[in-house]
Amino acid sequence: MAEIVAQRLSKRFEDGARPVEALTDFTLKVKQGEFCCLVGPSGCGKTTFLRMLAGLETPTGGTLEVRVLDATRPATAVVFQETSIFPWMSVIENAAFGLETRGVPKQERERRALPMLRKVGLGQFTDAYPHQLSGGMKQRVSIARAFVTEPQILLMDEPFAALDAQNRMLLQEELVTLWEETRTTVVFITHSLEEALLLGDRVVAMTARPGRIKQIVDVPFARPRNTRSVRASETYGRLVVDLWNILEEEVMRARAGEQGA
Amino acid sequence: MKGRERMLSILSPLLLLAAWELSVRAGLVDRRFIAAPSIILIALWEMLVSGELPRHLGASLGRIIAGFAIGVVPAVLLGLWMGLSRPVRAVVDPLIAAVYPIPKIAILPLLMVFFGIGEWSKIAVVAISAFFPIVINTYTGVATVDRVYLDVAQSFGASRALVFRRVVFPGALPVIFAGVRLALGVCLIVIVSAEFVAARSGIGFLIWSSWEMLLIDKMFVGLLVIAAIGTLMTILLKEIQRRAIPWQSE
């Protein structure tokens, strides 16, 4: 059991002369087992929210509760946007790193990491180093590393943003399959409206900075979900446009803000 | 490298040697100042057999190895400490910035006051020369470990010890190694210079004393040996680096 409750959450960065209000009056509840996607213009504070959930930033206002019931499993695990697997560790060491931080002995953690690597199609590459892998494979290692620890909440920060279109589709399909086996609570950040609708149960659309929630869209597609038939459906196309209608104004505002700054 | 290119890169030094040999024999250059390769090789052989060259080589290598070993450990430790602690960096950084630009050979007289004119002053100057590039690279390496790796470790709740052992140190290792390579080059320069002025043995002494007595062939042997030491050290270090940092692509 794990859920997230954010109430009137805000975050201000006091960096330099001009403080930046990254997130303001942000109230959101993510339910147990929900796949929740956050979309919004760049700089809207979605990454900040995720980093607060991961314990990498502290809120400056409001409350953020991460309610977890199972003390034996880690509360959160993060899949970062950029290549974040360690270049100095082999694939299996990378995938097992979360277990290493929990003091799991080497043999045991590799025994647990191996099936996960097989699931993401890297069973043959356990001893390779990251520089020998393609971008898509690196991100698969990153996903495996997060899943191996069996976190109660999975935090994903634009994990597929750096991939080419076809690789992205592949990884999206794989993620849906992988996730439907575990039904972990997920907070997934993306700038792609299509991706948000394809993967999520709910899509949270955010305003330009300072970020707050503009609208929450419920995604009607059933689980288990076949991403291809979703893509082919009429509803999907309409929802993408609906979502764009909601967000366009914010994206323009964010752009004006950037130009003004 | 392709076969043809490899041929060319073997051929070019051979051609140079041949041109050198011929121009000395033909009297195009002054034999009193430039020895022909064949003469140098003969001198090399004679000095090897007589034990003269092994004695000088041993003296120089001994000083480099001892000095390097003494310099590298505190350099890495201090560099790591500086990289991990801002106050330590604030204290030590200006001191390093002030001392680093001094050519280390310039403090040899001072070191001879402390350590006497024997081996220890030479070992000390090598140690100090090795120390600076390594300490600077070590803390730069630690300070420039990509933020995202620290975020990953922190997000998994890694202990400080684990972060250091599994993230910070390996992340800094390539830069530390670059410092070690730099330091070895500097040490070679410094030991030869020190032996010019303040030693009765070593390759530097061999070169200088041969020049003073106009034993040009022996002087060239000294140069040849220095070049060989430098090359061998580079090869050796690359091999060590390949094994110590297997994740680095060429």
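Contact here means heavy atoms within 4.5 Å of each other. The model is predicted: local features need pLDDT of at least 70, side-chain atom pairs count only at pLDDT 80 or more, and totals for chains, interfaces and linings use all residues. Residues are numbered from 1 along each chain as its sequence is written, chains are lettered from A and ligands numbered from 1 in the order in which they are written, and side-chain values use heavy atoms, with hydrogens and water left out.

**View 1. Ser90(A) in a loop of chain A.**
Ser90(A) lies in the loop between β5 (76-79) and α2 (91-95) of chain A. Helices (H or I, at least four residues) and strands (E, at least two) are DSSP runs, numbered from the N terminus. Ser90(A) has 7% relative accessibility and therefore counts as buried. The term buried means under 20% relative accessible area, exposed over 50%, and partly exposed in between (1.4 Å probe, protein chains only). Residues up to four places away in sequence aside, Ser90(A) touches Thr126(A), Asp127(A), Ala128(A) and Tyr129(A).

**View 2. An open three-stranded sheet in chain A.**
The strand order is β2-β1-β4 (chain A), and the pairing is antiparallel. Strands β2 (20-30) and β4 (61-68) of chain A are the edges; each has a single partner strand, so one side of each lacks a neighbour in the sheet. From one strand to the next, the twist averages 20°. Seven bridges link strand β1 (residues 2-13) of chain A to β4(A) in the antiparallel sense. Two strands pair if DSSP finds at least two bridges between them. Val5(A) has Glu65(A) as its bridge partner in β4(A). Helix α1 (residues 46-53) of chain A packs on this sheet and touches β1, β2 and β4 of chain A. The direction of α1 makes about 120° with that of β1(A).

Strand β7 (residues 185-189) of chain A is mostly covered, with five of its five residues buried. Thr185(A), Val187(A) and Ile189(A) are buried on one side, Val186(A) and Phe188(A) on the other. Strand β3 (residues 35-39) of chain A runs parallel to β7(A), joined by four bridges. Here Leu38(A) has Ile189(A) as its bridge partner. Strand β6 (residues 153-157) of chain A also pairs with β7(A) in the parallel sense, over five bridges. Asp157(A) stands opposite Ile189(A).

**View 3. Arg109(A) in helix α4 of chain A.**
Arg109(A) sits in helix α4 (residues 106-119) of chain A. Its relative accessibility is 13%, so Arg109(A) counts as buried. Beyond its neighbours within four places in sequence, Arg109(A) contacts Ala96(A), Leu99(A), Glu100(A) and Val104(A). Leu175(A) is 66 residues from Arg109(A) in sequence and 22 Å away in space, C-alpha to C-alpha.

**View 4. Val176(A) in helix α6 of chain A.**
Helix α6 (residues 165-182) of chain A carries Val176(A). With a relative accessible area of 3%, Val176(A) is buried. Val176(A) touches Leu199(A), Arg223(A), Arg225(A) and Thr227(A), leaving out residues up to four places away in sequence. Ser10(A) and Val176(A) are 166 residues apart along the chain, and their C-alpha atoms are 31 Å apart.

**View 5. Helices α9(B) and α10(B).**
The axes of helix α9 (residues 203-212) and helix α10 (residues 216-244) of chain B come within 8 Å and cross at roughly 155°. That angle makes α9(B) roughly antiparallel to α10(B). Axes are lines fitted to C-alpha atoms, for helices over the stretch in contact, and angles run from 0 to 180 degrees between N-to-C directions. Angles under 35 degrees count as roughly parallel, over 145 as roughly antiparallel, 65 to 115 as roughly perpendicular and the rest as oblique. The crossing of α9(B) and α10(B) is left-handed (the near helix is turned anticlockwise from the far one by less than a right angle; clockwise would be right-handed). From α9(B) come Ile203(B), Leu206(B), Ile207(B), Ser210(B) and Trp211(B); they meet Lys218(B), Met219(B), Gly222(B), Leu223(B), Val225(B) and Ile226(B) in α10(B). Eight of these contact residues are nonpolar, two polar and one charged. Ala, Val, Leu, Ile, Met, Phe, Trp, Tyr, Cys and Pro count as nonpolar, Asp, Glu, Lys and Arg as charged, and the others, Gly among them, as polar.

**View 6. Helices α4(B) and α6(B).**
Helix α4 (residues 86-99) and helix α6 (residues 119-143) of chain B have axes that come within 11 Å and cross at roughly 140°. That makes α4(B) oblique to α6(B). Their crossing is left-handed. Arg89(B), Asp93(B), Ile96(B) and Val99(B) of α4(B) make the contact with Phe132(B), Val135(B), Ile136(B), Tyr139(B) and Ala143(B) of α6(B). By class, this contact has seven nonpolar, no polar and two charged residues.
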